[in-house]
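I opened this structure to look up its salt bridges. My notes are below the display.

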Amino acid sequence: MSRTYPAGGRKGECWHDAPVTTDVLASLGELPGVFEAADSARAAIDGLLREPALRRSRGEVRAASRRRSAWASAQLEGADPVDVAAFDPPFGDDESGRLAAGSLRISGEIRSLSDTWRQAPLQALARLHTLAAADVVAPDSLGRPRVGPGVTARLSGLADTVTSSQASGVVVAAVVQGELLDVAPFEWGNGLIARAASRLVLVSRGVDPDALTVPEEGLLLLGLERYEAALSGYRSGAPEGVAGWLVHIAASVQQGATIARTLCSSATA
């Protein structure tokens, strides 16, 4: 990773220059509003997991969440606007249809990829790209990062950082999403992959172990313009910009937990 320290660092230092004993991501919780936002998101998920009705409807909620996550991520990536009720294969043979199909394939493997993410994040990212772009790019390009200045180094740095960090899972999920959106490491489907990887963090770190929440729809509800503005702030590397991004992603996670509780109530109605 190559980004200016957002908290407590010295001017000009970058994350990849930190001593190996430094948990850079943990310091992000010191930024204004970040700890509170991450704590609220975690509390919302914990509330969902304590929901009595979830015992009887876990499978239904998980299936509905998987579908809504895929729908929302495809919408965020620019797929043609459709109601979630109409989000069903087969999809059209155009860019919108390919986004929908790739997003649905990714969403279906989030839980099964959590162990891979814990041990080998780059392998998990390669699998996400293979799922996303199966109908789009040449077979020999599937799972392979694009050739570009700093792409391989950024990915390797990200993998090393997230596997060693003890930071809040919500914070790590936000950083993973921001970094992947910023570096755009693959030929196609980077937004789908970034949001899926963010969700993988929540699953693999036990924040949302059953992938019940719908943070992608949370982002959609918060608004595409706010999402893009928050990402721009993250890319700037300025402390307030990074904090704004982390708070925004935490808010989407919190929204995603609220959506899942609604799905739980609907399943048991």
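Entry 1. I noted that the model is predicted. I then searched the whole structure for salt bridges, and the search returned 16.

Entry 2. I looked up glutamate 217 and found a salt bridge to arginine 68, with 2.7 Å between the closest N and O atoms. Glutamate 217 belongs to helix α9 (residues 215-222) and arginine 68 to helix α2 (residues 54-76), so this pair ties together parts 149 residues apart in sequence. I checked the accessibility of glutamate 217: at 7% relative accessibility, it counts as buried.

Entry 3. I turned to arginine 111, which forms a salt bridge with aspartate 210 at 3.1 Å, N to O. Arginine 111 sits in the loop between α3 (95-107) and α4 (114-119), and aspartate 210 in the loop between α8 (190-204) and α9, so the pair ties together parts that are 99 residues apart in sequence. Arginine 111 is partly exposed at 39% relative accessibility, whereas aspartate 210 is buried at 12%. I also recorded that Arg111 and Asp210 are linked with Arg58 and Arg62 in a network of salt bridges.

Entry 4. I looked at glutamate 179 and arginine 154, whose side chains meet in a salt bridge (3.1 Å, N to O). Glutamate 179 is in helix α7 (residues 169-183) and arginine 154 is in helix α6 (residues 151-164), so the pair ties together parts that are 25 residues apart in sequence. Buried or exposed? I found glutamate 179 buried at 2% relative accessibility, and arginine 154 buried at 17%.

How values were computed: Residues numbered from 1 in each chain as written. Predicted model: local features only at pLDDT ≥ 70, side-chain atom pairs only at ≥ 80, totals over all residues. Heavy atoms only, no water. Salt bridge = Lys/Arg side-chain N within 4 Å of Asp/Glu carboxyl O. Helix = DSSP H or I, 4+ residues; strand = E, 2+ residues; numbered from the N terminus. Buried < 20%, exposed > 50% of the residue type's maximum accessible area, 1.4 Å probe, protein only.
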